[in-house]
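Hi,

Here is the model I promised to pass on.

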Amino acid sequence: LPMSFQSTYSSPYMNFWPLGEFDEEIRGSQIFYLPHIYSVIYGVWNGPTWKMSLATQLLYALPFIAIVGTLVRRSRRKVPAAVWFQFSMLLAMASNGFPRADWGHLVTALPTAAIQLVMIAPSFSGAPRLLTRTASALVAVLLLATIAAGGTLYRASEPPSFGPRVPLRVVNEGNQNDSLPHAIKYLRDHTEPGDPIFVARSEPLIYFATETRNPTPYGGVIPGMTEEQQRVILAALETTPYVVMSDIDQPIFTYYRDELPDVQKYLEQHYRIPKDYLRRKLDWIIVLERGPDRGETHADLVDLASQGKPWIRNPDRSLSWGHVVPDVLASSQNRRLLPTVLGVLGGGIDFDLTIPENAVFQSSIGYPSAAGLKATYKHPSGSQMVVSIKTDREFKRLTSKNVSIRRSMVQRWSPIEADLAEYAGQEVTLRLELRPRKPFRRVELAWWGSPRIAIRVDSSDAD
């Protein structure tokens, strides 16, 4: 078992040699480095052909080719002042590719690079008409490419499905399944025009399609001002009945739980997925509704994971300590995951805590899969999730639930709670573990959804 884990996610870069291949570090997020039209037509997860990789890398090289070409021409012959004006714009645009050399930043430099190449082309031959011919040829090529791209996009598109306010054909493959139309229809059925909703990521389409409004000035997460964002968003959520967010907090982006941790915890405490929302279909976008207050957090066990003591149970039922999960798992359905490594007879994690007055253990279990940076994991089915507590020598079982996962089931969390009132003021060891129905043949992973010690809300004060 790996005893430590270092994230392989770093600032990706483009590998220019050998041509036609992507560097290993960007294969997991290649969507950012390919022309957007390719991702729209062929999807996010399909690997590009070597021809597409080669064409993409040549486009990345184009600004630098134009810069070098200009300097070479100047070393041989004087060029007009207009070339230098354009050259300065090219340098400014090309600098936008650093340190984030992704496609969205590259496209700002490509038009300027193409114009620069056209401007220096006549100086190679000195022919006055070459500029006109080159420009005409370039316009013709771009026109033909635009027509071809338009036809390709139309063939790849599907009829409108985003409600009466968006009568446009759907091009993006990720939006062609029923997830986004389902979210829009649900919100249109449960809100009135002008009602506030909050979309956790930048998604203006949902606001427009549902005729709702954003109660905050933020369309997405703005780096560098998280305290101000959290203050404004938390105040707005007090009167916001619905929140929209991704089913999985994508590791291809920075995690929402890390960007706005206070907002994430507020959503866990006050919002839930409506019972009639989830279906057997996989919904990559979900709607949360405001529900009963689950109570203030006394101890967030996801935050305290590094202070916990992970262990696995060996074939002889002895415990081996210190097994760290070899990956970072994305949040799912408004729950952050606390993963544990499992041995032959299961495993878990222990926390040494002081229990406050009116305390209750709260968590969620049974979500069938987890997306990591390295792989996708399946939760062991047919096992028992057990919460135990120890004050002196022996562990006492507080509660347990069986996890049974079938393909036909709706993918959702199942709540699990345990009253801790009788342990108020005591120092205890809280144990979260999985016990398999039969021994595992290989190392497995299990996870708990946002486990915490909360202060029970008086029913008279509940929402």
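First, the ground rules. This is a predicted model, with local features needing pLDDT of at least 70 and side-chain atom pairs counting only at pLDDT 80 or more, while totals for chains, interfaces and linings use all residues. Residues are numbered from 1 along each chain as its sequence is written, and side-chain values use heavy atoms, with hydrogens and water left out.

Helices (H or I, at least four residues) and strands (E, at least two) are DSSP runs numbered from the N terminus. Axes are lines fitted to C-alpha atoms, for helices over the stretch in contact, and angles between N-to-C directions run from 0 to 180 degrees.

On to the helices. α2 (residues 50–76) and α5 (residues 110–120) cross at roughly 35°, and their axes come within 9 Å. The crossing is left-handed (near helix turned anticlockwise from the far one by less than a right angle; clockwise would be right-handed). On the α2 side the contact (heavy atoms within 4.5 Å) uses L59, L62, P63, I65, A66, G69, T70 and R73, and α5 brings L110, A113, Q116, L117 and I120. That makes 9 nonpolar, 3 polar and 1 charged (Ala, Val, Leu, Ile, Met, Phe, Trp, Tyr, Cys and Pro are nonpolar, Asp, Glu, Lys and Arg charged, the others, Gly among them, polar).

The other pair is α10 (residues 226–237) with α12 (residues 261–270): axes 9 Å apart, angle about 20°. They are therefore roughly parallel (angles under 35 degrees), and this crossing is right-handed. Q230, I233, L234 and L237 of α10 meet P261, D262, V263, Y266 and L267 of α12, which divide into 7 nonpolar, 1 polar and 1 charged.

Now the residues. S331 sits in the loop between β7 (319–321) and β8 (337–342). Its relative accessibility is 4%, so S331 counts as buried (under 20% relative accessible area, 1.4 Å probe, protein chains only; exposed is over 50%, partly exposed in between). The S331 side chain makes a polar contact of 3.1 Å with the side chain of R257 (N or O atoms within 3.5 Å, one able to donate a hydrogen and the other to accept it; residues adjacent in sequence count only if both atoms are side-chain atoms). Leaving out residues up to four places away, S331 touches D247, I248, D249, R257, R336 and L337.

R397, in strand β14 (residues 395–403), is partly exposed at 39%.

Cheers

Key:
Angles under 35 degrees count as roughly parallel, over 145 as roughly antiparallel, 65 to 115 as roughly perpendicular and the rest as oblique.
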